[in-house]
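Here is a briefing on charged side-chain pairs. Keep the sequence and the model in view while reading.

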Amino acid sequence: MKPMIPSDATSKALSNADSAREDLSLHDEILTRLRDHIVEGNIPDGSRVPERQLCEMLKISRTPLREALKVLASEGLVELLPNRGARVKQLSEHDLGELFDVMGGLEGLAGRLACERITDAEIAEIERLHYEMYGFYLHRDMHGYFHVNQLIHQKIVEASRNATLQSSYANLAGRIRRIRYSANFARKRERWGEAMREHETILDALRRRAGSELSDILFAHLRNKRTAAVEHLAAGAVAAPEPV
């Protein structure tokens, strides 16, 4: 039997594969940081994306930044301008109403289907995330809270086991991610506390696999979020303040 000694070609291929994984990891890191920076309101709605400033902040050249911006454009967070960079997408009150209603319908359907198909292990994972989110809420950590909050909604959608629903949800989620984040600041503590209580009822219905009830709760949850988002938009808030 011949010894398994990698040839030069094999070694080169392995090296190229490692390099590709590193590039992908770097791309994902840049994308995540840039997405968070925009979602958290650091660039006002409708404003141009300051490429030079972001390159300095992320310690990258303009090429990987622009690649990341293309992804965020596909998610609906920014819009690309021909030969003029990109700007943060600005949504009107009408746009918000339509988007939140559709998202509420999708999440409501996802909740109903999830109650039919979710496993005990998946419920346990969502429960773990819920208490992690509650910890962020108690510490007034909006960044951590929002990240876990979105994971919970995503897990429920995934538990629907419906690929078409998941694809539709993903296509719309990015478009309202920024305003969904800032809506937590509308009426400050009042809205944030309401959202936390709504998540308690979401978890309770999911545990009981009460599909119709969970569907109604999720739709109402998105409606309440829409109301808060419109209030925030009307108030002219262009950057999220620190939670108090």
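Partly exposed means a relative accessible area between the limits for buried (under 20%) and exposed (over 50%), computed with a 1.4 Å probe on protein chains only. This is a predicted model: local features need pLDDT of at least 70, side-chain atom pairs count only at pLDDT 80 or more, and totals for chains, interfaces and linings use all residues. Residues are numbered from 1 along each chain as its sequence is written, and side-chain values use heavy atoms, leaving out hydrogens and water.

**Salt bridges overall**
- The structure holds 17 salt bridges, each a side-chain nitrogen of Lys or Arg within 4 Å of a carboxyl oxygen of Asp or Glu.

**A buried pair between helices**
- Arg-180 and Glu-107 form a salt bridge, with their closest N and O atoms 2.9 Å apart.
- Arg-180 sits in helix 7 (residues 163–182) and Glu-107 in helix 4 (residues 93–117), so the pair ties together parts 73 residues apart in sequence.
- Helices are DSSP runs of H or I, at least four residues, numbered from the N terminus.
- Arg-180 and Glu-107 are both buried.

- Arg-128 meets Glu-132 in a salt bridge (3.1 Å, N to O).
- Both lie in helix 5 (residues 120–138), 4 residues apart, about one turn of the helix.
- Arg-128 is partly exposed at 44% relative accessibility; Glu-132 is partly exposed at 33%.

- Arg-208 bridges to Asp-204, the closest N and O atoms being 3.0 Å apart.
- Arg-208 is partly exposed at 44%, and Asp-204 is partly exposed at 32%.

How values were computed: Helices (H or I, at least four residues) and strands (E, at least two) are DSSP runs, numbered from the N terminus.
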